[in-house]
Amino acid sequence: MPELAFDCVIRGGRVATAVDDFVADVAIKDGVIAAIGRNLGQGAAELDAKDRLLLPGGVDAHAHIEQLSAAGIVNSDTFESATVSAAHGGTTTVICFAAQHRGMNLQTVVGDYLALAKKGAVIDYTFHMIIADPTEVTLKEHVPALVSQGHSTLKVFMTYDLLNVGDEKLLDILLAARQSRALVCVHAENHGMVSWMGKRLVEKGYTAPKYHTISHPRGCEAEAFNRLIAFAELIDQPIMIFHVSTAEGVAVIRQARGRGLKVFAETCPQYLFMTAKDLDKPGVEGAKWMCSPPPRTEADQEAIWQGLALGDLQVISSDHAPYAFDATGKLMAGHTPTFKQIANGLPGIEARLPLLFDAMVAKGRLGLHKFVELTATAPAKIYNLHPRKGSIAIGADADIVIWDAKRQVTLADNLMHDGARYTPYAGRTVTGWPTTVLRRGEVIVRDGKLAAKPGSGTWLPRAGGAPAAPHGRLTADADPVRNFGAKLI
Ligand SMILES: [Zn+2]
């Protein structure tokens with residue numbers, strides 16, 4: 001028998017990318033897309049996609065997986081459970097964290113997370129390195145070495161007692177990133193405000209989960225964004241602002257981008273589909289909706305949609321951070337904890353694409369191309385995974401989701417595959433659902449059933465690329481031509 005031209009051909013689907021929309025066959029050879037056209041030759045495997053969309057696999061650029069928190073709790077997922085959950089939701093690439101804590105050797109930390117992912121992941125992965133202990137050795141030796149090995153984003157916290165690095169160290173980290181050409185992602189909230197409000201609320205007996213939303217007063221976001229942007233401008237270092245939650249935060253980003261600064265920004269489904277009222281439940285039930293920053297108001301949701309429409313925000317990630325609603329997770333401090341004793345974070349790696357497809361395509365907000373852009377193409381570009389990931393194109397990895405645009409699904413706790421065993425979106429009906437998911441040409445979910453082996457995902461080394469490159473425009477204070485010759489950057 002003559003050898004067939006292709007390993008797999010997906011027939012007659014409606015291919016949708018961030019720019020195109022057409023009906024075609026997509027042929028796969030050796031894990032990559034080999035041809036897109038009409039009446040392509042036979043494949044060893046054939047998949048029928050008539051009346052279905054073909055979307056690039058989702059790229060989730062912010063997920064906490066098997067991660068140790070500063071408080072010493074490991075979240076509810078292993079790499080296997082989180083990535084199986086991602087795959088069921090149509091996501092084929094994840095950027096998760098290698099989380100340094102104080103006193104830890106960053107190189108050891110990265111090696112440990114790589115080993116965990118190698119064992120369990122069913123989708124492809126790459127890491128942001130959390131810098132919580134920016135010692136001289138970390139910044140001068142380990143960061144440059146690790147960036148050159150393919151770990152090209154750093155993540156920094158401006159809040160949390162055990163994670164926030166403080167203003168001067170943040171400047172050191174931005175400079176180290178500039179010298180290695182890494183992008184810096186930031187959890188930006190004013191630490192003093194969060195800490196002060198938390199103490200004051202608890203002292204006065206306001207301890208229910210809903211007070212968590214008050215403890216991160218909305219002003220703490222815009223304040224930290226402004227400070228961070230001033231720092232990034234001084235160092236001439238590109239930044240990504242994580243999980244934008246307020247209208248004022250969007251405005252600060254718009255203004256900075258309007259001045260030509262290299263500021264990228266992300267939001268998450270919880271800031272588009274939830275409000276602070278979701279935490280107002282009897283007893284500690286509201287803990288299931290607790291994340292940081294907290295969900296805000298409907299007016300903030302509108303401002304964030306507007307920021308996405310205008311391009312001020314470029315990426316929608318899950319910020320998947322699952323804690324089970326029991327003594328292993330949310331209720332670690334017992335059944336009557338104060339909100340300060342409850343782990344922050346929501347599961348969301350699986351629901352991200354269905355929730356957004358429902359809002360953006362089925363209900364029409366911003367449309368199909370923008371949906372693909374915000375959930376796959378733009379994150380792949382900003383994190384320098386494109387053109388390998390994030391689109392359907394010849395030569396790209398064959399990460400393809402066969403998507404039923406008409407299927408209606410009511411989200412429920414037992415529908416999700418992650419370790420949290422609940423979803424904050426239970427009861428919500430969405431239109432549009434992934435049916436079959438391919439990762440590098442291999443079917444990993446078929447008609448809603450898992451078909452992948454743990455460890456079949458692969459690590460994606462990446463350089464910082466153009467998004468991480470500094471402008472080369474120094475402020476007057478940092479520019480030797482204008483600062484009396486002082487070479488600082
Ligand atoms: Zn996060």
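Biologist: Which residues have the most contacts inside the largest nonpolar core?

Modeller: In soluble globular proteins, nonpolar side chains tend to be buried together. In this predicted model, the largest nonpolar core has 127 residues, and those with the most contacts inside it are Leu55, Ile239, Met240, Ile241 and Tyr383. Such a core is a set of buried Ala, Val, Leu, Ile, Met, Phe, Trp, Tyr and Cys residues joined through side-chain atoms within 4.5 Å, where buried means under 20% relative accessible area with a 1.4 Å probe, protein chains only. Helix α7 (residues 219-235) gives the most to this core, with eight residues; helices are DSSP runs of H or I with at least four residues, strands are E runs of at least two, and both are numbered from the N terminus.

Biologist: And which residues coordinate the zinc ion?

Modeller: Donors are N, O and S atoms within 2.8 Å of the metal (3.2 Å for Na, K and Ca), and water is not among the atoms, so sites may look incomplete. Here His62 (NE2), His64 (NE2) and Asp319 (OD) coordinate the zinc ion at 2.0 to 2.1 Å. His62 lies in strand β6 (residues 58-63) and Asp319 in the loop between β13 (315-316) and α11 (352-362), so the pair ties together parts that are 257 residues apart in sequence. Both His62 and Asp319 are buried.

Biologist: What spacing do the donors follow along the chain?

Modeller: The pattern is H-x1-H-x254-D. Residues are numbered from 1 along each chain as its sequence is written. Local features need pLDDT of at least 70, side-chain atom pairs count only at pLDDT 80 or more, totals for chains, interfaces and linings use all residues, and side-chain values use heavy atoms, leaving out hydrogens and water.

Terms used: Buried means under 20% relative accessible area, exposed over 50%, partly exposed in between (1.4 Å probe, protein chains only).
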